[in-house]
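Let's take a walk through this structure together. Have the model open beside you as you read.

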Amino acid sequence: NTDNVLTYGMGYHQNRYSPLKQVNKTTVKKLVPIWNTNLDNFFGEQAQPIVHNGVMYVTNAKVTMAINIDTGKPIWKQVLEWPPETPRIVCCGISNKGAAIYDGKVYRTTLDAHVIAYDTKTGNEVWKSKAAEWREGHSMTLAPLVANGVVVTGISGAEFGVRGFIDGWDAQTGKQLWRRYTIPARGEKGNETWPQGDNNAWRVGGGSSWITGSYDPDLDLMYWGVGNPAPWASQSRLGDNLYTSSVLAMRPKTGEIVWHYQFTPNDAYDYDSNWEMILAEIPYQNARRKVLMQMNRNGFLYVLDRADGKLLSAEPFEKDRKSTRLNSSHT
């Protein structure tokens with residue numbers, strides 16, 4: 001609601017929409033700053049703040065801070081320390097996209113691939129869990145998702161040949177509950193879409209998950225976008241390369257994949273599919289349909305049934321360099 005922003009994306013639906021009506025085209029020019037607070041960070045700010053009971057929780061790559069929302073006065077501040085050489089293997093900026101809040105704790109990820117829980121009132125560290133080894137190319141910049149009581153996180157590092165994954169953590173203890181790799185191993189469903197025999201491209205197949213998923217509590221399904229395969233030279237990994245450039249519908253308690261949809265098979269262009277999976281209920285064929293939507297980097301707006309993953313629509317929203325309409329028969 002307008003007083004409390006409890007999840008990244010301003011709701012499980014990832015609509016990023018505020019119902020506030022006081023700020024509009026006429027009144028926006030009257031906005032003035034009433035306080036400012038120094039976050040003591042030289043790397044830039046990308047995080048969406050979390051707001052709960054008059055306290056704003058803000059993160060960046062170095063700092064987690066609780067701020068009195070009326071005065072701007074810091075309530076507590078935690079500074080992260082990670083090895084100084086870590087940024088050399090972090091793709092696309094030293095950043096953090098935000099936190100999650102649940103049951104008296106604030107959760108965040110770190111550049112050197114850890115997940116941390118802080119007490120919301122004191123800022124004391126409650127637990128810290130290692131997700132992966134940063135020296136192998138893993139990093140974490142996303143805001144966690146809390147779904148059905150489970151803290152869920154993704155990973156970055158496709159550009160460094162990692163095998164991507166999504167993790168579920170116990171909210172109270174930080175114990176890892178499950179791990180779901182976004183690149184299936186030999187013998188797992190989907191591995192047949194990678195080269196077989198002695199070609200082990202799947203072991204370094206990419207598939208990062210660095211944008212927070214959305215969640216449907218009624219279906220108990222969360223929806224995570226998966227990034228590009230690795231390496232970009234697609235001729236070295238013939239096949240569709242599941243589950244890269246896809247959306248995964250998963251159970252938060254177990255990490256089970258209920259369905260998937262791949263937007264760009266054998267992605268050779270870094271199209272990714274990490275962007276927000278927007279949940280809505282819209283008119284479709286004379287009925288209301290609960291859908292998932294994504295404006296994909298490949299230039300198409302996809303609409304899927306969020307219960308079973310059925311494709312309802314895939315229409316272009318971009319034009320090519322010759323300003324001609326893209327072929328809507330894209331698969």
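We can begin with open space: the largest pocket of this predicted model holds about 330 Å³. Sixteen residues make up its lining, and those nearest the centre are Asn1, Asn4, Val5, Met10 and Tyr17. Sorted by class, the lining of the largest pocket counts seven nonpolar and nine polar residues, with no charged ones.

Now turn to the second largest pocket, with a volume of about 280 Å³. Here 20 residues form the lining, and Cys91, Cys92, Ser156, Glu159 and Trp210 lie nearest the centre.

Thr182 sits in the loop that links β12 (176–181) to β13 (214–216). Is Thr182 buried or exposed? Its relative accessible area is 0%, and the cut-off for buried is under 20%, so Thr182 counts as buried. Beyond its neighbours within four places in sequence, Thr182 is in contact with several residues, including Gly164, Phe165, Ile166, Gly206 and Gly207. Val226, Leu242, Tyr243, Thr244 and Leu248 are also among its contacts.

Our last stop is a sheet. Four strands build it as an open, antiparallel arrangement in the order β17-β18-β19-β20. From one strand to the next, the twist averages 30°. Look closely at β19 (residues 300–305), which runs antiparallel to β20 and is joined to it by five bridges. Within this pair, Val303 stands opposite Ser313 of β20.

Notes: Residues numbered from 1 in each chain as written. Predicted model: local features only at pLDDT ≥ 70, side-chain atom pairs only at ≥ 80, totals over all residues. Heavy atoms only, no water. Helix = DSSP H or I, 4+ residues; strand = E, 2+ residues; numbered from the N terminus. Buried < 20%, exposed > 50% of the residue type's maximum accessible area, 1.4 Å probe, protein only. Contact = heavy atoms within 4.5 Å. Pairing = 2+ DSSP bridges. Axes fitted to C-alpha atoms, helices over the stretch in contact; angles between N-to-C directions. 1 Å grid on protein atoms, 1.4 Å probe; cavity = no way out; pocket = protein on both sides within 12 Å on 5 of 7 lines; lining within 4 Å. Points joined across faces, edges and corners; volume = space filled by probe spheres on them. Nonpolar A, V, L, I, M, F, W, Y, C, P; charged D, E, K, R; others polar.
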